[in-house]
Amino acid sequence: MLEKILLGTYTKKDSQGIYTITLDTQQEELLDLALVTKEVGPTYLAHAKSGQLFNVTSVDGKGGIASYDNQYRLINAVTQDGASPCYVAIDEARQLIYSANYHKGQVAVYQINPDGSIQLVDEVFHTDPIGPHENQDKPHAHYADLTPDNRLVACDLGTDRVYTYDVADNGQLTKVASLKLPDGTGPRHLTFHPQIDIAYLFGELNSSITVLNYDRTTGQFNIGASYPTLPSDYTDFNSGSAIHVTSDGQFLYGSNRGHNSIICFKIAEDGLTLNFIQRIQTQGDFPRDFAIDPTESYLVCAHQNSDNLTLFYRDKQTGILSLLQKDVYAPECVCVKFV
């Protein structure tokens, strides 16, 4: 079987934009890297059920979101003064796009129009006190995506907070709750358990995964246990990065940039307890993102600094990853999406 993967990149060196690559599950290899469209700084992508593509972009020094049709032809781009966002998500039911802007502490909402174009309909800026880490110089919104009950949850690395918003059909946001994490956590991304109202948050700055209970009545998150992702004797630089849970709710994976590893935990039946399974080197430098394929038998990891992808086989019973392929060229890759 051939599985198509979209790759988002920086374009500071050799990359020209958005690429595709194919996972051949019969041969168990990645092949046929190809440029889809030239784009400036498409560091994060979201692919709609319709085949439309929405991605981070920069136009004439202004940052924003671009909309492409299912043939990857540009429809339009909405940009603002300042740096580009760092995260994009799709709300299929309400036909909205969400973005998080690290540099502005901003969460933005865009309406998808019938012709596929997008328009900005709301934005909020985080203003809470910042944390003590040197990277927490101001609010840094890093993630904005849907909760299981279709609210919007946003992580802010700068303020050590997770925010919950109600979303009106027209895209207007109303904050309903916020959670303060321990100082210096640096909330980056989170992902939900597929069957239970529990989320797992990756702290970029303290390299921890924190279990969060989610209350649908109030939209409030509450802190459970926290788990380190690094060996106890590791003292060099690291920052937590991507985090994913398998569809059966049994395994959680996270990538460490600096230590250059992927960690695997087995999730207990109650969703609250994580048991360490494996920590495996990614065979590249700065594993910014990874994705698990639709069969959940393979994991593809992208490295920002070493311009390569790594392919792992994933044992569905044990969660253990095994190296299949490394040094697959992909320039400045920082986002991996199976489509």
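# Report on a predicted all-strand protein model

At 54% relative accessibility, D183 counts as exposed, a class that begins over 50% relative accessible area, whereas buried stands for under 20% and partly exposed for the range in between (1.4 Å probe, protein chains only). The partner of D183 is K180, and the closest N and O atoms of this salt bridge are 2.7 Å apart. K180 itself is partly exposed, its relative accessible area being 35%. Elsewhere, salt bridges with shared partners link D149, R151 and D166 into one network.

The model is a predicted one, in which local features need pLDDT of at least 70 and side-chain atom pairs count only at pLDDT 80 or more, while totals for chains, interfaces and linings use all residues. Residues are numbered from 1 along each chain as its sequence is written, and side-chain values use heavy atoms, with hydrogens and water left out.

## Overall form

The secondary structure consists of 28 strands and zero helices. These elements are DSSP runs numbered from the N terminus (helices: H or I, at least four residues; strands: E, at least two). The C-alpha trace spans about 45 × 45 × 35 Å along its principal axes. The radius of gyration is 19 Å, which agrees with the value near 20 Å that a compact globule of 339 residues would have. That radius is taken over C-alpha atoms, and the globule rule is 2.2 Å times the number of residues to the power 0.38.

Of the 339 residues, 59% count as buried. The protein exposes about 13200 Å², and carbon and sulfur atoms supply 45% of this area. Accessible areas come from the Shrake-Rupley method with a 1.4 Å probe; for residues, only the protein chains shown count as cover. Among contacts (heavy atoms within 4.5 Å) between residues at least 6 apart in sequence, 46% join residues at least 24 apart.

## Salt bridges

Side chains of opposite charge can pair when their charged atoms come close. A salt bridge is taken here as a side-chain nitrogen of Lys or Arg within 4 Å of a carboxyl oxygen of Asp or Glu, and the structure holds 11 of them.

Since R161 belongs to strand β14 (residues 161-167) and D128 to the loop between β11 (118-125) and β12 (141-146), the pair ties together parts that are 33 residues apart in sequence. R161 is buried at 14% relative accessibility, and D128 is partly exposed at 22%.

D166 and R151 meet through their side chains in a salt bridge of 2.8 Å, N to O. Because D166 lies in β14 and R151 in the loop between β12 and β13 (152-156), the two connect parts that are 15 residues apart in sequence. D166 is partly exposed, with 32% relative accessible area, and R151 is buried, with 12%.

## Backbone and surroundings of selected residues

D32 is found in strand β3 (residues 29-38) and has a positive phi of about 65 degrees although it is not a glycine. E332 is likewise a residue other than glycine with a positive phi, near 55 degrees; E332 lies in the loop between β27 (321-329) and β28 (333-338).

L30 is another residue of strand β3. Apart from its neighbours within four places in sequence, L30 is in contact with I5, I21, T22, L23, V300, L309, L311, Q325 and V328. The C-alpha atoms of L30 and Q304 are separated by 17 Å, the two residues being 274 apart along the chain.

## Cysteines

The whole structure contains zero disulfides, a disulfide being a pair of cysteine sulfur atoms within 2.5 Å. The sulfur of C86 is too far for a bond from the closest cysteine sulfur, that of C155, at 10 Å. C333 is in no disulfide either, and its nearest cysteine sulfur, in C335, is 7.3 Å away.

The table gathers the accessibility of residues discussed in the last two sections.

| Residue | Relative accessible area | Class |
|---|---|---|
| D32 | 57% | exposed |
| E332 | 4% | buried |
| L30 | 5% | buried |
| C86 | 14% | buried |
| C333 | 1% | buried |
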